[in-house]
Amino acid sequence: MHTTPPDNETVVDNVREIEFGLDTFGDITEDAQGQRVSQAQVIRDVVTQGQLADEVGLDFFGVGEHHRDDFSIAAPETVLAALASTTEQIQLGSAVTVLSSDDPVRVFERFATLDALSSGRAEVVLGRGSFVESFPLFGYRLEDYDKLFTEKFELFHRLLDEGPVNWSGETRAPLQNMEVFPKTESGRLKAWLGVGGSPESVLRSVQYQIPMMLAVIGGAPERFVPYVDLYRRAQAESGVAPSMPLALHSPGFVAPTDEEAKEVMWPHHQKMRDRIGAERGWGPISTIEYEREIQGGSLYVGSPETVARKIARTIKLLGVNRFDLKYSAGTLGHDQLMRNIKLYGTEVVPRVREILAGELDEKSE
């Protein structure tokens, strides 16, 4: 696999068509006194945050699925349904739906219902998930991790055609000429495949023609160039024009100045990173590692100008069609998250478009 940067001329030529979104896992926050906020209140706060994302003109709002006490959202579609009736323009989706431990038919039914409630604004991002709590919770064996996702993804792909389905496998009962309802008004639910860095997943995305959403949560964006290159080459080699969109998700936090953004986010980021790290055998995060991720990695932390320039660089480097900022950060409070959303929508995104358009103008001179 070579590392030649992808041809991003098409992306840059369509600056206005690049989309910008936000997503959250409903991280359990702290109030102004440093006290843990209830999961119920966090869910209500997420709905308020999604409404603000719509108000500031963002393209997408996604909520992730987890089944543990440091995240509040276990049923993304329910939270998104609340937003469907209180927003007007923004696309609403998961980030991600853990398909391996769910039933593809039920996932399709729930998101098709969300699509109806939102007048066609639903999206589902399908993935394996980076946590495994859902497997024992719903009675699945971790030994079947790969088989579960492979079979269920193949079935979900057939459901997207919205016609009679014939399918058989080892992970659920077969379907024989079965119809699934409700149907979408457009005839096809918008779906993505969440990819964390597996070449096999990249090729699966192309094979099933379900666009790829890269989760770039650590390290330099350059290390994902080979995956983007593989994505584009596989499309060309399969006879499909390389026109499938490409989305990217990374964490970040915006404040009026670089110093404030770093200072405000650090204790919350540290607490979340060290808690998860302890479960996975990682050592504690240092301020040096934190600064390194901000400077050259995949933490988009800083002033609107700093974050905009970093996002613009990543869009050009990887040729992405949509950039989603994971705006929640562990215990970081609701008021800070609301400010983060407002700065991202009103200052960062317009500045990214301006930077990309300016560079395009320079090339055309």
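These questions and answers cover a strand, a cavity and a pocket in a predicted model.

Visitor: Which residues of strand β3 point one way, and which the other way?
Guide: Strand β3 spans residues 91-94, and all of them are buried. Buried here means under 20% relative accessible area. Leu-92 and Ser-94 point one way, and the other way point Gln-91 and Gly-93.

Visitor: How many bridges join strand β2 to β3?
Guide: Strand β2 covers residues 60-63 and runs parallel to β3. In β3, Phe-60 has Gln-91 as its bridge partner. The number of bridges joining β2 to β3 is four.

Visitor: Which helix does the chain pass through from β2 to β3?
Guide: The path is a β-α-β crossover. This crossover is right-handed. The helix, residues 76-84, is α3.

Visitor: In β5, what is the bridge partner of Gly-93?
Guide: β3 also runs parallel to strand β5, residues 122-127. Two bridges join β3 to β5. For Gly-93, the partner in β5 is Glu-123.

Visitor: What volume does the largest cavity have?
Guide: The structure holds one cavity of 30 Å³ or more. Residues lining the largest cavity include Thr-24, Asp-27, Ser-328 and Gly-330. Its volume is about 50 Å³.

Visitor: Which element gives the most to the lining of the largest cavity?
Guide: Two or more lining residues come from each of α2 (39-55) and α12 (334-364). Val-42, Asp-45, Val-46 and Gln-49 are among the lining residues. With four residues, the element that gives the most is α2.

Visitor: Which residues are the closest to the centre of the largest pocket?
Guide: The largest pocket has a volume of about 1200 Å³. It is lined by 49 residues. The closest to its centre are Phe-25, Ser-130, Ala-215, Ile-217 and His-249.

Visitor: Which element supplies the largest share of the lining of the largest pocket?
Guide: Elements that each supply at least two residues include α6 (145-159), β8 (190-195), β9 (212-215) and β10 (246-254). α9 (258-280) and α10 (287-296) also supply at least two each. The largest share is six residues, and the element is α9.

Note on methods. Residues numbered from 1 in each chain as written. Predicted model: local features only at pLDDT ≥ 70, side-chain atom pairs only at ≥ 80, totals over all residues. Heavy atoms only, no water. Buried < 20%, exposed > 50% of the residue type's maximum accessible area, 1.4 Å probe, protein only. Pairing = 2+ DSSP bridges. Right-handed = clockwise from strand over helix to strand, strands pointing away. 1 Å grid on protein atoms, 1.4 Å probe; cavity = no way out; pocket = protein on both sides within 12 Å on 5 of 7 lines; lining within 4 Å. Points joined across faces, edges and corners; volume = space filled by probe spheres on them.
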